[in-house]
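The sequence and the structure come first.

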Amino acid sequence: MISDLINLTKNCKKCYGLGYLEDASLCSCRLKLYRYISYYEANIPRIYWDCFYSSFMTSKANNDLLKSILTEPEKNIDFLNLGFFGPTLSGKSTTAAMIAKAVIDKDLLSVYWFNFTDLLYQLRRRFTDNTVEAQIDAALKSKLLILDDLGRDFALDKASAKTEITRIFQSFFESARFIILTTNLFITDLERNFDVKFNSLVSLNLTTITFQSGTI
Ligand SMILES: [Zn+2]
């Protein structure tokens with residue numbers, strides 16, 4: 001994937017693929033390449049690298065909060081514990097990716113993106129397959145962890161994975177690190193499927209933002 005991006009900069013008409021302009025400053029293509037490499041290292045899915053919204057399918061107050069986080073993440077670090085609720089295609093994941101990119105672009109915190117189902121899968125395999133350990137390690141050491149698309153498969157999962165996820169949430173909140181969780185489950189679904197400890201961690205630490213369906 002990265003080699004494809006390097007090919008993109010090779011075809012740049014501003015710097016003729018050199019990466020530098022005549023005044024020796026970095027060309028915008030090279031800066032974009034560096035940003036993309038950071039997104040890749042943070043495991044943000046490629047489909048979100050160029051996504052951008054100027055407004056969000058949520059309340060006016062939440063729109064204001066999201067906009068201020070995105071324009072000045074450095075002043076809003078304390079607001080990065082977020083729970084995005086709402087139906088599929090209401091913009092939750094894209095909004096989470098925009099925040100992740102804003103934090104990366106300003107070099108504020110280390111960020112790691114995990115699809116929730118993938119995280120569960122990796123957690124189950126970690127003791128039998130060492131190669132997944134590096135990915136889990138990067139996630140658990142990050143300062144901002146994006147957990148995308150918590151769904152019903154998790155609700156049906158064995159108790160051991162739920163305990164492990166609860167432990168991950170607890171360790172993040174206790175060490176002043178941040179989690180952005182997206183889910184199309186309702187809060188009542190969470191209450192039904194998770195233990196009291198997980199639910200209280202989520203409700204005490206994550207600012208809930210509910211997205212509506214529709215086009216943005
Ligand atoms: Zn260029």
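## Basis of the description

A residue is called buried if 20 or more other C-beta atoms lie within 10 Å of its own, exposed if 12 or fewer do, and partly exposed in between, with C-beta atoms placed from the backbone. By this count Thr-117 is partly exposed, because 15 other C-beta atoms lie within 10 Å.

The model is predicted: local features need pLDDT of at least 70, side-chain atom pairs count only at pLDDT 80 or more, and totals for chains, interfaces and linings use all residues. Residues are numbered from 1 along each chain as its sequence is written. Helices (H or I, at least four residues) and strands (E, at least two) are DSSP runs, numbered from the N terminus.

## Domains

The protein chain is divided into domain 1, residues 1–41, and domain 2, residues 51–210. These bounds come from an automatic or database domain assignment. Taken over C-alpha atoms, the centres of domain 1 and domain 2 are 31 Å apart.

## The sheet

Five strands make up an open sheet with parallel pairing, in the order S2-S3-S4-S1-S5. From one strand to the next the twist averages 15°. Two strands count as paired if DSSP finds at least two bridges between them. In general, strands of a sheet pair through backbone hydrogen bonds, either parallel or antiparallel.

Taking the pairs in sheet order, S2 and S3 are joined in the parallel sense by five bridges, and Asn-115 stands opposite Asp-148 in S3. S3 and S4 also pair in the parallel sense, over five bridges; here Ile-146 has Ile-180 of S4 as its bridge partner. S4 (residues 178–183) is linked to S1 by four bridges, again parallel, with Thr-182 in S4 as the bridge partner of Phe-84. Four parallel bridges connect S1 with S5 (residues 207–210). Across this last pair, Leu-82 faces Thr-207 and Gly-83 has Thr-208 as its bridge partner.

## Burial of S1 and S3

S1 spans residues 82–85 and is covered on both faces. Leu-82 and Phe-84 lie on one side, Gly-83 and Phe-85 on the other, and all are buried. For S3, seven of the seven residues are buried, so this strand is largely enclosed by the rest of the structure.

## Helices

Where do H4 and H5 lie relative to the sheet strands? H4 lies across S1, S2, S3 (144–150) and S4, and runs at about 170° to S3. H5 (residues 116–125) lies across S2 and S3, at about 90° to S2. Axes are lines fitted to C-alpha atoms, for helices over the stretch in contact, and angles run from 0 to 180 degrees between N-to-C directions.

The axes of H3 (residues 60–71) and H4 (residues 92–105) come within 8 Å and cross at roughly 30°. H3 and H4 are therefore roughly parallel to each other; angles under 35 degrees count as roughly parallel, over 145 as roughly antiparallel, 65 to 115 as roughly perpendicular and the rest as oblique. On the H3 side the contact involves Leu-66, Ile-69 and Leu-70, which meet Thr-95, Met-98, Ile-99 and Ala-102 of H4. The residues of this contact comprise six nonpolar, one polar and no charged. Two residues are in contact if their C-beta atoms, placed from the backbone, lie within 7 Å. Ala, Val, Leu, Ile, Met, Phe, Trp, Tyr, Cys and Pro count as nonpolar, Asp, Glu, Lys and Arg as charged, and the others, Gly among them, as polar.

## Individual residues

Thr-117, already noted as partly exposed, is found in H5. Its C-alpha atom is separated by 7.7 Å from that of Gly-151, 34 residues apart along the chain.

Most residues other than glycine have a negative phi, and most peptide bonds are trans. Asn-43 is not a glycine, yet has a positive phi of about 70°. Asn-43 sits in the loop between H2 (28–41) and H3 and counts as partly exposed, with 18 C-beta neighbours inside 10 Å. Asp-149, also not a glycine, has a positive phi of about 70°. Asp-149 belongs to S3 and is buried, with 21 other C-beta atoms within 10 Å.
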